[in-house]
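Me: I would like to go through the helix packing of a model with you, one question at a time. Please look at the sequence and structure first.

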Amino acid sequence: MQPSERVRAVRRWAGARLRSAPLLALALDKGPVDLRLVGRTLLRAALLGALAGVVGAAFFWLSEHAAHWVLERGVGYRPLRAAGEELEGTHAYETVYRPWLLAIVPALGALLSGVLTAGVPAVRGGGTDAMIEAFHHHGGQLPARSIWRKALASIATLATGGAGGREGPTMFIGGALGSWVADLMHTSERERRLLLVAGAAAGISAVFRTPLGAALLAVEVLYRDGFESDALVPSILASVVSYSVVISIFGESTLFGHLPRFPFHPAHLPLYALLALAVS
């Protein structure tokens, strides 16, 4: 074989190997990256982050003040909060504890939540499952009218001491905002699904003030194994913008403080053992 033929043979072999590489084959199959599409998606993610920051801040403020008036002033029960979640005007003060109300107030909150969610199946439950189902089965579509229903129903539950947290409702509300923004801007189904995930990340970031953690949670909660890689960058951008909006309203603070040191008494160990047997 002549040297020139050897060179051509090596080139053919190298080209075949490169084309068979999974990442390169995928890139060649998708074609060149459309920078205009990337720019539009990032711009929409930034606008969505600002909107989710305002809505998330309002949701956090309303839920905290509602819990303050219902549980603290009404029942006399002060729920545990992280150090950075204390709002001005909701500090501790002397009040009368009424334990018998704890059997009534959560039931009333659940009744009000049920009335608000009646006829709208999408807003029932925690909210995370509905967002995941919308991503996989409904093209990223969540009804915009469900935003206020979900927010009010969640506030009714949280403010009355109901079982639940803010992560599910905020993911649902942020995802619904992303779906709404996509409908306003007439995006494709693929872009709507990305904005749904970015909105969910922005909602988590607004309430828990964890921009990177919120983005990672939003892109990996969709699958049992793996994550939605295309939504990672829009989710990070929307989360950072949402976080910036929230800290500009409430200020920047450390969410978790330092707990006081508790003395260790060996005599308490049998009591802990009995407690473990009772709850297991």
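Me: At what angle do the axes of helix H8 and helix H9 cross?
Reply: This is a predicted model, in which local features need pLDDT of at least 70, side-chain atom pairs count only at pLDDT 80 or more, and totals for chains, interfaces and linings use all residues. Residues are numbered from 1 along each chain as its sequence is written, and side-chain values use heavy atoms, with hydrogens and water left out. Helices are DSSP runs of H or I with at least four residues, numbered from the N terminus, and axes are lines fitted to C-alpha atoms over the stretch in contact, with angles from 0 to 180 degrees between N-to-C directions. The axes of H8 (residues 189-208) and H9 (residues 211-220) come within 8 Å, and they cross at roughly 140°.

Me: Which residues of H9 make the contact with H8?
Reply: Contact here means heavy atoms within 4.5 Å. On the H8 side it involves Val197, Ala201, Ile204 and Ser205, and on the H9 side Pro211, Ala214, Ala215, Ala218 and Val219.

Me: How is H6 oriented to H7, roughly parallel or roughly antiparallel?
Reply: The axes of H6 (residues 146-159) and H7 (residues 167-184) come within 9 Å and cross at roughly 165°. Angles under 35 degrees count as roughly parallel and those over 145 as roughly antiparallel, so H6 is, relative to H7, roughly antiparallel.

Me: Is Arg209 buried or exposed?
Reply: Arg209 lies in the loop between H8 and H9, and its phi is positive, about 55°, although it is not a glycine. With a relative accessible area of 13%, Arg209 is buried.

Me: What is the relative accessibility of His186?
Reply: His186 belongs to the loop between H7 and H8, and its phi is near 55°, a positive value in a residue other than glycine. Exposed means over 50% relative accessible area, and His186 counts as exposed because its relative accessibility is 71%.

Note on methods: Helices (H or I, at least four residues) and strands (E, at least two) are DSSP runs, numbered from the N terminus. Angles under 35 degrees count as roughly parallel, over 145 as roughly antiparallel, 65 to 115 as roughly perpendicular and the rest as oblique. Buried means under 20% relative accessible area, exposed over 50%, partly exposed in between (1.4 Å probe, protein chains only).
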